[in-house]
Each structure stands twice: as structure tokens, then as C-alpha cells.
Amino acid sequence: MSTIIKNGTVVTADLTYPADVRIEDGVITEIGPDLSGDKTLDATGCYVMPGGIDPHTHLEMPFMGTYSSDDFESGTRAALSGGTTMVVDFCLPSPGQGLMDALTMWDNKTGKAGCDYSFHMAITWWGEEVWRQMADTVDRGITSFKHFMAYKGALMVDDDEMFSSFQRCAELGALPLVHAENGDVVAQMTQKLLDAGNSGPEAHAYSRPPEVEGEATNRAIMIADMAGVPLYVVHVSCEQSHEAIRRARQKGMRVFGEPLIQHLTLDESEYQNPDWDYAARRVMSPPFRNKAHQDSLWAGLASGSLQVVATDHCAFTTAQKRTGIGNFARIPNGTGGLEDRMPVLWTRGVATGRLTPNEFVAVTSTNIAKILGLYPKKGAVLVGADADLVVWDPARRKTISAATQQSAIDYNVFEGISVEGLPRFVLTRGHVAVSEDALDVRQGHGRFVPREAKNPVNRAFSQWKAITAPRQVERTGIPASGV
Ligand code: URP
Ligand code: ZN
Ligand code: ZN
Ligand code: ZN
């Protein structure tokens, strides 16, 4: 049984050309002119692109006394309907819990996944057991480790723990990730604001200004450099953090930056809305910033100093958000975006000329696959690659609305945005999960995708670090002691 995607234009991170694509047994088996097979998908007027990969989601995540409301069923359905064919979620051990034990819990969440997935492992505490199980984690095909520099008293690790973990990542050829905000300063700022009676959702943003993020990004970059390991900074929201990444990259450091579609398109004025629910639904960390920060993020994507666009999809219902009435610090942090990342980025990025279609593919898929060690199984339109594909129709339009979304929550932070550019078909390992408005998402179709450690960038950087490491001076004579 072969499926042919016919009459489309293949768009990859580096090429644009007319071709048909043959799919058999879930993989791409031929790319070329005039193909025919058992089943045809008409891609006339469309771009045939690698399906999106979202490198940052929190499905059914235990957080701030509750669980995020999209699980691997609704989350992957939302992903597929928006053109995303793989998600990378976070396994979060509780303090004292073994990494393998946490992984068993996270494995148990994924039975209904409709698309392929992987995990990052979070380092939420430190000890010999964690050090040891980091190797087991890599053996299980999980080669990236997340560190929270914020959420003091919960997920946060200090510099000492982070440096130890980064050195372990260097040994294992793994990639450390950071949530970069100065958690000590945020904790005190939060208390000060609350003491002054500033308890509304806008104070969440006041408690963590861009400087708080910029400082932590610089600190994480320094610690990664001392450990001789590349670094991936999640949810880069501001110029201060972007500037640190840009500067590090210009010095030859291997640092990657991930802006979110939310920070690219929604700004801090959202928190000034007089409707408490409206503002609280937009509470996430880091918070939305002003237009100048947004311009910086867009420029980073265009120039290559920022490499990938994610969602940090962590969806809480209005009822869950209301836990924080009277105390913004209790509003569960997080927003959705899985279904909307690709159409909103296309509309605000490609349709405006800020990004080319090839750059769109790079930042939504190919760069992510390369950085995380998934390429070319994922992120590519190549013979032998998984048939995770989106047939993208630049002429399809809709207005984003919670009333028609796949996510389980009761609102959408992109409500009312008109998008131009939507999937016509979405394929997950060859299975057609989306045909325009019709969904055929199969629960349990999604598989765990193991990843390889010792990425070429890790290997090159550790070699360079070994060559340039400080050396003991070989002395010719040792002076007699005393004078
Ligand atoms: O507010 C956010 N970003 N919630 C999800 C957890 C995290 O920090 O990534
Ligand atoms: Zn975070
Ligand atoms: Zn996150
Ligand atoms: Zn099928």
C-alpha cells in the first residue's frame, strides 16, 4: 500500500522544488516527478514540509498543586491538527525520586499519544543517585536534561547542583537545558509585591522583569562553558536573554535559544486587562514582554541567533487558574499553543516576510531535530525519513477560537487571531491524521523516539575544550624554599 502526495512543492530547510512524495510503511520511499500509487493526496497549491516538532510541552504535568489539563491524548490531537507531528515533553522527578522511577510514571501517560514523542529529563534535585541514573537515562534514549533556575522551593536547582549536572552532561554527551530566571530574586520580589497588596495577575509580570531572565541566561552560559558542554535555553522571551545568547555564540560557545510563539506574538499589555480571568489565563514564566522584545526575538530567528520556536504548552483551565485569586503566586503558570504554533508563526512570520518558508521549516522542525539528535529520521523530507509530513495550504484561513480547538481547556490565548496558512493534510508515520477539517487521530499510534547522545556539536565542542584547556606549566627549575 503506497500513498503519493501529488502536485505539491517540497519545502525543506534548504530547498524548494516541485516533486511528488511516495510513502510506504510509514516512511518516505521516493521523491520525484510523476509518481503514482494506491492512494493519492492532492497537494496542488500546497507546500510539502516536514511535520512540526514541538521541543517543549508539558502534557498532564503535575505543577503548582494540580495537573496541566491537556494529556497525551488531547495534546497530540491538538498538535496534529495544527501540523505538529512530534512533541518532546518533560519528565519531572519529584525531589528524592529516582529518574528511572519518574520515567516509568511518564511512560504510563503516553498510551494514548496520537503522534510520536520523546522526553527531556529534568534534574530537580542532586545526589549520587541522580548522577548515576543520568547515564541510565541516556541509555534509554533521553539525551537532554532540563534545569529550572526558578520555582524556588519546588523545581529549582542552585548553581552548585547545576554545575555538577552540566559536567555530567558533558561526560555523557548529553545536552543541558535551562529555564533561565533568577529564582531567588523572583521569590523575594513576589513576597514584596504581595506584602504591598499587589496580588493580581499583572504582578506576576512585575515579579520577573527581563533583567531577571538575562542574568540567569548569562549565568547558565558561563556554567555551561566551564563544564565544556553546549547549552539550550528554553522560552527565551526578551532581548536581555537573547543578547546573552548572541554574545556567547559570537565567542564560539555552543548555545541555542528557543523563543515561544506566545512571546513572539502576545505582549505584556495582556496582563492589564481588567478581567481577572483574561489576565490570569496568560500567566506563564517568563511573562509576555513588550514589542521591542518581540522584535528582538523575530530578528534572532531571521539572523540565526535563535534557532527554534516552541510552545511550552502547559494548559490550565480557567477553574485551575482561579486557585490564584487573591495571590498571583498561586496561579498555575502556563499557556497553551500546540495547535496554533505553526499557523500563527506562518501568518505573523512568513506571510509578513519576516521569515522565508525554508526558515519556517528550520525553526519549527529541522533545527529542532538536529539539535536534539532526531535528524534525519525526523525534520526531513528525504528517502528513509519517517513520513511525518504536513501538506501546507497557504490559502486556507480560519479565525482561532476556543470553541473549535482540540485542546481540553476552555479558552485560547490566541482567540480571535485570523490565520492564513493551515494544514491540508497531516501525516504521522504515513497515517493521514488530518484532512482539512476531518481528524483521524489514532490513540496509541504515537511511539517513543529514542535519541542518540554525543551529537556532532557536543563532540566538536568537547574536543575544542580539551585542546584549549588550561595546562600545568612544566618548569625547568624549582627555587629553594625560603629566602
Ligand atoms: O509558565 C510556564 N512556562 N509553565 C510551564 C513550566 C515551565 O516553566 O516551563
Ligand atoms: Zn520553564
Ligand atoms: Zn516549560
Ligand atoms: Zn491510516
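This is a predicted model: local features need pLDDT of at least 70, side-chain atom pairs count only at pLDDT 80 or more; totals for chains, interfaces and linings use all residues.
The UniProt annotation "domain: Amidohydrolase-related", from an unreviewed entry, covers residues 47-415.

When residues up to four places away in sequence are left out, K146 touches F90, H120, A122, I123 and L177.

Ligand 1 is surrounded by H58, H179, H235, M284, S285, D312, C314, N333 and G334. Sorted by class, this shell contains six polar residues, two nonpolar residues and one charged residue. S285, one of the residues around ligand 1, is joined to P286 by a cis peptide bond with an omega of about -10°. P286 is found in the loop between α10 (276-280) and α11 (291-303).

Seven strands form an open sheet of mixed pairing, in the order β3-β2-β7-β17-β18-β19-β20. Strands β3 (16-18) and β20 (438-439) stand at the edges; each has a single partner strand, so one side of each is left without a neighbour in the sheet. Within the sheet, strand β7 (residues 47-50) and strand β17 (residues 389-399) run antiparallel and are joined by four bridges. In this pairing, M49 stands opposite V390 of β17. Helix α14 (residues 357-372) packs on the sheet, where it touches β2 (9-11), β3 and β7, and its direction makes about 30° with that of β7. Helix α1 (residues 72-81) lies across β18 (418-428), β19 (431-435) and β20, and runs at about 75° to β19.

Further backbone features occur in loops. The peptide bond from Y375 to P376 is cis, with omega near 0°, and P376 lies in the loop between α14 and β17. R429, in the loop between β18 and β19, has a positive phi near 40° although it is not a glycine. E436, in the loop between β19 and β20, is likewise a residue other than glycine with a positive phi, of about 50°. R429 is buried because 21 other C-beta atoms lie within 10 Å, whereas E436 is exposed because 11 other C-beta atoms lie within 10 Å; a residue is classed as exposed at 12 or fewer.

How values were computed:
Residues are numbered from 1 along each chain as its sequence is written. Chains are lettered from A and ligands numbered from 1 in the order in which they are written. Two residues are in contact if their C-beta atoms, placed from the backbone, lie within 7 Å. Two strands pair if DSSP finds at least two bridges between them. Helices (H or I, at least four residues) and strands (E, at least two) are DSSP runs, numbered from the N terminus. Axes are lines fitted to C-alpha atoms, for helices over the stretch in contact, and angles run from 0 to 180 degrees between N-to-C directions. A residue is near a molecule or strand if its C-beta atom, placed from the backbone, lies within 6 Å of it. Ala, Val, Leu, Ile, Met, Phe, Trp, Tyr, Cys and Pro count as nonpolar, Asp, Glu, Lys and Arg as charged, and the others, Gly among them, as polar. UniProt positions are given in the numbering used here, feature names are shortened, and annotations may be inferred rather than shown by experiment. A residue is buried if 20 or more other C-beta atoms lie within 10 Å of its own, exposed if 12 or fewer, and partly exposed in between; C-beta atoms are placed from the backbone.
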